[in-house]
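I opened this entry to keep track of what I looked up, in the order I looked.

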Amino acid sequence: MKYSSNDMNVEKIEKSSIVDERIESTIVLGKEFEEYAIIFDKYKDIEIFGETGLLSKYYMYGQKRLDTLIESEIDDNCPEIEQWDLECKTWDLIQRLYSHRVQKSHELPNVHEYSSNVVLEEAFYIQNPDAMENTIILNWLKDIFLEPSLLEISGKKWLYTRENIRMKRLQGKSFKEDELIDELDPDAPTRQRKFLDDRDSEFERKFLRNLFLLIRCGDFDKACDLCKDTGNFLRSAILQGCIEYRDPLIDENNVEMGVMGTKRKQLWKKMCYQLSKQTDLDPYERALYGVLCGDLQSVLQVCETWEDYLWAHYNSICEYQITMNLKQLGKIKQSHDLVIPNIDSISISSVLESLAHSDNELIRNSANEPMRIIQSNIITSRIDELILNLNIQLQDIRNGISSVDVTSIPSFLRFVVHFILLLKQTNVSVDHNNCNNLIQAYIELLAAGGKQDIIPLYVAQLPRDMSLEIYAKFLSNIDDDQERINQLRLSSKYKLDMLNSLRRTVDIVYSEALIKDDIFSPFTGELVPITESPSEWDLHQIRALEWMKFSEDLKYDIIFKGNILYRRFLLKGKLNAAQALNLRLSSSILITRDMVKSEDSPGNDKKFRHAVEYLGYSSLCTGYMRYENWKNIMSNGQNEIKNRTDFSGRRQWKLNLQKAVEECASTFHEFIQGNWLYPDTLFTSEAEDPIVYNELIKIRNIYIPDLVCLLHKVYYETYTFFPRNLLACMELCCIVADDDKKIYQTFLLSQRMPEYLKMVRRASIAMLASHNKSKPSLWNI
């Protein structure tokens, strides 16, 4: 059976996928999602079937929700009531069918030549699992049917007709011209071709309908009681003809029960069949006889729902299959044989297909309701087809070629996923790739609905590689520290590979940055001030890296991946983002003494190389922050200079300024003269790692010239307070020009040489303008 995407909707998931969006509750999910998770977690490893098993717990929870809705006195046509009703019925079907499908074979009863038909039927069902399935489905269709309301019985059978006959007899009137019957035997209306009193006729119609509905819901005893209570003893006897003959003495089983049932049942069925063809009988009476003998056409005339039509076909199939078995065993005489046309050609798949395309809109809509589609696929054992169709629709959504109203989808997907998990546990053969895709979609739905606490449970049901990827995508969107701690606890509970999940989390965020941050665009030459607030996306990358701080085993990973992030930020001139990384993941906490004291050759010790690189980036941030400190002191100093009376304040300010200058000079000289980030100092060659090699060169070419210019500025703008700083400008110029370290090359490559030469010129002029002979002359440098 095939259905269009409009028949089985699985949307809304992708629109709030955890791959693309931060964790925000974009879909409202009810408490049933947590409740289902609790039930699954508690019973998945204990028992599946039975009264205390997993399936029963699902059913009981659904029934509880259904009862609550009904007691709340909302409209009976409420979609939520129908949803829970169908869900309970489907769990019931799964419980019955799959407990049969996965169980081991039963022991055959003792069968011999004289065994009663009841024993032969029992042996037939044990030996024919398909026939047993048909009976299971028939009983399910009976049990889910709502029992009819009690019929109000007003008195004896045909009370008003009986009184009419009595009064006419007392008055001596003739019955010839009377349209009403003049005899009270059960066959009188048919035999005399006359009628009952209108009031009796109305009650008779209600009675027959009620009697049929009792048989429809499988309540045989109540049907017999109703016949007796209304004086319909013949109909009670007809009903009891359906009881199969048994003789406990012959069968050596339940001797205390005694002989019971209809010995010539086939003759009784022929009678019922003939009655079902009497067009002058009430349609419900004809349908009643049709049910008893296995006729289909007479029963279809009174069917109203999808379940009714399916029940009518299964009833005919079950009656036919047991009749054929008894016939093959020689238990039915040729003269008693009943042949009902077209019963042998009934195909349930075809029946379900025709119902899905019925001319009756009510039946057609019911057949295409998602839960009934699941029921149809379960009945026909087409679970892989169902799961494949759902995956095709899911792919259509992700490709943007499907758009359907999805208000009912969360509950549908919840059911499907828990059904899939059940199939996996019972080792039923299914397409695991398609199943896992639907579980992934459910996890994305839970993330979009803010159900983070139950996500690890379902991630744990996926294969390792897939679970790593899915969980990492989920974790990449969690920024709250408390929620991170909670996820670490849950991952431990469900035995998830948290270390590799966290590694993958960082990789995912870094990969997304390649697109969102356009890291391959060239550097504009403008450095972002270190004191500016980083962008949300830069912070997101840092927060992803912070996941790793929860495990000591990932300390080296933080350093290695932290270097990647530092390089990424610095290549874009994002000093503010680099400083945020420095503050959140400080080298003083991460870098241990043993990391920077390599016992092996430094060139062979990757941990040593990465630790030194990380320390360098941290020191760079420290240097820029010291420069900011110097700027602030200089800015505050304007007020101190103006205040000529506060001598102690001016003195303290000058001491602070001197300290700030010294801190800048010591830090910046380490970078300028220490070959910072020069690939050789980090034992990195272009042949070994061309990407990292070129990144180091680019960062060095951006920041070494900037550090030189900043240090020059510090010296030049403070020489009036510390005269020797003018000389320091000239000495710094010599370091840049030194052919040994070739720092001048970074200026040439960054095109900042003209800018620097202007700064040197200004300092040179200032030096020449000095008339103090005690000061060193420019020509002494």
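**Second largest pocket**

I began with the second largest pocket, which holds about 1,100 Å³ of space. The model is predicted, so I note that local features need pLDDT of at least 70 and side-chain atom pairs count only at pLDDT 80 or more, while totals for chains, interfaces and linings use all residues. Residues are numbered from 1 along each chain as its sequence is written, and side-chain values use heavy atoms, with hydrogens and water left out.

I wrote down the terms before going on. A pocket is an open set of points on a 1 Å grid over the protein atoms alone, where a 1.4 Å probe fits, with protein on both sides within 12 Å along at least five of seven lines; lining residues have an atom within 4 Å of a point. Volume is the space filled by probe spheres set on the points, which are joined across faces, edges and corners.

I then listed the lining of the second largest pocket, 33 residues, with Asp85, Lys89, Ile144, Leu146 and Arg372 nearest the centre. Helices here are DSSP runs (H or I, at least four residues), numbered from the N terminus. Helix H2 (54-71), helix H3 (79-102), helix H8 (198-216), H15 and helix H17 (361-367) each supply at least two residues of this lining. H3 gives the most, with 8 residues. I sorted the lining of the second largest pocket by class and got 16 nonpolar, 5 polar and 12 charged residues. For this sorting, Ala, Val, Leu, Ile, Met, Phe, Trp, Tyr, Cys and Pro are nonpolar, Asp, Glu, Lys and Arg are charged, and the others, Gly among them, are polar.

**Largest pocket**

Next I looked up the largest pocket, with about 1,400 Å³ of space. I found 44 residues in its lining, and Glu121, Cys242, Ile243, Glu244 and Lys265 lie nearest its centre. H15 (306-328) is among the helices that supply at least two residues of this lining, and H15 has the largest share, 6 residues. The classes in the lining of the largest pocket are 18 nonpolar, 12 polar and 14 charged.

**Salt bridges**

I counted a salt bridge where a side-chain nitrogen of Lys or Arg is within 4 Å of a carboxyl oxygen of Asp or Glu. The count came to 44 salt bridges.

I checked Lys265 and Glu244 and found a salt bridge between their side chains (3.3 Å, N to O). Lys265 is in helix H12 and Glu244 in the loop between helix H10 (233-240) and helix H11 (248-251), 21 residues apart. Both Lys265 and Glu244 are buried; buried means under 20% relative accessible area, exposed over 50%, and partly exposed in between (1.4 Å probe, protein chains only).

I also noted a salt bridge between Arg752 and Asp706, with the closest N and O atoms 2.9 Å apart. Arg752 lies in the loop between helix H34 (744-750) and helix H35 (753-768) and Asp706 in helix H32 (residues 690-717), so the pair ties together parts 46 residues apart in sequence. Arg752 and Asp706 are buried.

**Helix H4**

Is H4 largely enclosed or open? I found 8 of its 11 residues buried, so H4 is largely enclosed by the rest of the structure. The buried residues of H4 include Glu121 and Phe124. They pack against H5, H11 and H15, where contact means heavy atoms within 4.5 Å.
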